[in-house]
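The following exercises concern the secondary structure elements of one protein chain and the way they are arranged. Work through each task before reading its solution.

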Amino acid sequence: MTVPVLTFFNNKGGVGKTSLIYHLAWMFADFRKRVVITDLDPQANLTAAFLEDDQIEELWDMGTPGSTIYQSVKPLTGVGDIAEPELKEITTDLYLLPGDVGLSGFEDTLSAEWPNSMGDNNLYRPMRILSSFWQVMQVAAAKVQAELLLVDIGPNLGAINRSVLVATDYVAIPLGADLFSLQGLSNLGPTLRSWKGLWKKRLDNWEVSVESKQFPDFQLPSGKMQPIGYLCQQHGVRLDRPVKAYDKWVQRIPAVYREAVLDEPPVANLKQDQDPHCLATIKHYRSLIPMAQEHRKPIFNLSSADGAIGSHAHAVADSRKDFKLLAEKIAAKIGMQV
Ligand SMILES: Nc1ncnc2c1ncn2[C@@H]1O[C@H](COP(=O)(O)OP(=O)(O)O)[C@@H](O)[C@H]1O
Ligand SMILES: [Mg+2]
């Protein structure tokens with residue numbers, strides 16, 4: 001049995017991806033669904049949301065094998081093998097495999113092994129390296145008996161992200177309502193399909209290799225990469241821009257999502273708020289966001305002691321409803337009982 005991997009992905013930054021994962025992880029943990037989050041963005045914003053700067057600095061300075069996702073895969077850049085990941089316990093049902101700025105140093109190794117994995121022999125090492133994120137995450141999930149692996153990644157289509165997507169069962173796509181998000185979406189869909197196809201070739205090549213008989217217990221990710229929908233961010237909207245501008249872009253999303261991501265014809269006149277592929281519209285939470293960051297909590301856990309009083313208290317209660325609904329919707333899409 002392997003644990004499903006859900007990745008939030010968009011090749012455009014600043015669309016609220018990291019904040020979303022942070023909040024969803026807390027919500028799943030509230031449902032008593034044990035989650036391991038892996039921060040696979042070398043910018044490590046998600047790690048910074050959970051840990052104090054001093055803690056992060058110590059992790060990076062010590063460089064203990066397994067202490068971050070990079071430290072888990074780093075031995076593969078030499079002659080070593082994966083180091084067992086050390087998780088940070090946030091709550092009983094929430095664990096973090098910290099990110100690492102050093103992770104960008106793994107990009108070249110992944111790029112080099114990609115063609116090697118299509119050779120006729122010596123396939124074990126390239127396949128082990130290309131699937132290393134998945135291998136590490138599965139070990140992490142098994143260590144704490146997690147039911148779900150959540151992943152945050154950076155906004156690009158490089159070799160690190162290709163390996164993350166190879167490890168991914170379900171993809172959720174956060175979007176802003178602007179030209180850049182729509183353009184990003186147009187590139188993302190075909191890229192996902194291409195990666196899926198290329199990984200399938202590698203799995204087929206592995207299947208018929210001599211080494212697959214030598215390593216019968218070696219498991220590989222299936223490269224499912226199933227898109228489960230998109231999320232629209234209202235907060236990305238520039239406040240000086242008219243509502244009409246938001247509407248113009250947001251109403252184009254259903255068609256672009258179908259054409260680019262699902263490779264299906266668009267549905268005529270389908271509005272974003274009626275689109276079954278739209279998982280949610282994420283509200284602009286304004287001052288609750290810095291308040292939550294300061295207290296290292298999701299906004300829906302803010303209390304009056306944290307400063308959430310009056311209208312803020314109502315907004316906190318509303319945000320709990322919104323994130324609960326979203327978490328339930330996502331659970332249904334990935335076949336997880338909550
Ligand atoms: N719902 C929201 N309302 C208001 N601000 C938000 C919201 N979600 C994210 N932000 C802010 O927007 C910025 C980008 O969000 P982030 O989650 O880091 O995006 P990404 O991971 O896509 O780059 C951050 O400063 C974050 O605090
Ligand atoms: Mg981010």
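**Exercise 1.** Determine how many residues lie between β3 and β4 in the hairpin that they form.

*Solution.* In this predicted model, strand β3 covers residues 88–91 and strand β4 covers residues 94–97. The two strands run antiparallel and are joined by three bridges. One of the residues of β4, L94, is the bridge partner of T91. Two residues separate β3 from β4 in the hairpin.

**Exercise 2.** Check whether the distance between the end C-alpha atoms of helix α9 agrees with its number of residues, and state what its buried residues pack against.

*Solution.* Step 1: helix α9 has 29 residues, 179–207, and at 1.5 Å a residue it should span 42 Å. Step 3: the buried residues of α9 include L185, L188, L192, W195 and W199. A general rule accounts for such spacing: an α-helix has 3.6 residues a turn, so residues three or four places apart point the same way. Step 4: the buried residues of α9 pack against the helices α6, α8, α10, α11 and α12 and the strand β6.

**Exercise 3.** Classify the packing of helices α1 and α14 by the angle between them.

*Solution.* Step 1: α1 (residues 17–30) and α14 (residues 311–333) pack at about 80 degrees, with their axes 10 Å apart. Step 2: an angle from 65 to 115 degrees counts as roughly perpendicular, so α1 is roughly perpendicular to α14. Step 3: H23, L24, M27 and F28 of α1 meet F323, K324, L326, A327 and I330 of α14. Step 4: the residues of this contact comprise seven nonpolar, one polar and one charged.

Note on methods. Residues numbered from 1 in each chain as written. Chains lettered and ligands numbered in written order. Predicted model: local features only at pLDDT ≥ 70, side-chain atom pairs only at ≥ 80, totals over all residues. Helix = DSSP H or I, 4+ residues; strand = E, 2+ residues; numbered from the N terminus. Expected span 1.5 Å × (residues − 1). Buried ≥ 20, exposed ≤ 12 C-beta atoms within 10 Å, placed from the backbone. Contact = placed C-beta atoms within 7 Å. Pairing = 2+ DSSP bridges. Axes fitted to C-alpha atoms, helices over the stretch in contact; angles between N-to-C directions. Parallel < 35°, antiparallel > 145°, perpendicular 65-115°, else oblique. Nonpolar A, V, L, I, M, F, W, Y, C, P; charged D, E, K, R; others polar.
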